[in-house]
Amino acid sequence: MGFLSGKRILITGVASKRSIAWGIAKAMHQQGAELAFSYQKKKLQSRIENFAKELKSNIVLLCDVSSDKNIKFMFNELKNFWKNFDGFVHAVAFAPIDQLDGDYLTQVSREGFITAHEISSYSFAAMAKESCNMLNEQSSLLTLSYLGAEKVILNYNVMGLAKASLEANVRYMANSLGKNNIRVNGISAGPIRTLAASGIKNFKKMLSHFQSVTPLKRNVTIEDIGNVAAFLCSNLANGITGEIIHVDNGYNIVSINQLNY
């Protein structure tokens, strides 16, 4: 038996087997969790259904997080399978591609700013608000952030602001839901070559730099993040809420690392 045995967790944001959300789903399945999955667009349905089957799940639900109506519909559909459940993983983020290249002030637009914040940050609160009456005590909500929330990352631009909003969201949601014995945390993940990351200019160069200067001298894997996510959603982490946990091989602690002379 794993440390998530008896837990029911909804996973959002799986797009491929390179997705961080897929690494999280695998780790949670290995620890005994019963899983449900959501997908954003109809064209992804069959792919996500196949992924879900690999992890012994038959619960695959459509949800476009840009719509409160869609969020409400998804959780109503989930009630057909689970009357109550134990948390969800919010692995959803988006900014228009033109916002992720070049100088921040040159590129940022009102529409891009609003879209990035709505999808990447507000949707976390919207999902919690809609589902809180279904959440068991000792439930755990988890989201994914990035170092761009804290420091300027070239070409990350408005997503950095959206992730900063998301991290503040974690703290306010943790305070709001704490009275119900529900925990809220985030993982600040190191860079991983996912479909979402492919939209950031020079991302391959970022990976190479990361590996060369991070204290552990390697890139982060979806398994690394998945294992921490599974822990945070388990009762082993009952004393942790409102935190952003860095899973980046120590990159966030580095200023100027060893120089080559």
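Reader: In which helix is Ser176 found?

Author: Ser176 sits in helix H6, residues 158-177. Helices (H or I, at least four residues) and strands (E, at least two) are DSSP runs, numbered from the N terminus. This is a predicted model: local features need pLDDT of at least 70, side-chain atom pairs count only at pLDDT 80 or more, and totals for chains, interfaces and linings use all residues. Residues are numbered from 1 along each chain as its sequence is written, and side-chain values use heavy atoms, with hydrogens and water left out.

Reader: Why is Ser176 called partly exposed?

Author: Its relative accessibility is 40%. Buried means under 20% relative accessible area, exposed over 50%, and partly exposed in between (1.4 Å probe, protein chains only). So Ser176 counts as partly exposed.

Reader: How many aromatic pairs does a search of the whole structure find?

Author: Seven. Rings of Phe, Tyr and Trp (its six-membered ring) pair if their centres lie within 6.5 Å; planes under 30 degrees apart count as stacked, over 60 as edge-to-face and the rest as tilted.

Reader: Why is the pair of Phe75 and Phe85 called stacked?

Author: The ring centres are 6.1 Å apart and the planes are at 20°, so Phe75 and Phe85 are stacked.

Reader: What parts does this pair tie together?

Author: Phe75 lies in helix H3 (residues 68-78) and Phe85 in strand E4 (residues 85-90), so the pair links parts 10 residues apart in sequence. Both Phe75 and Phe85 are buried.

Reader: What makes Phe75 and Phe88 a tilted pair?

Author: The angle between the planes is 50°, with 6.5 Å centre to centre. Phe88 is buried too, like Phe75.
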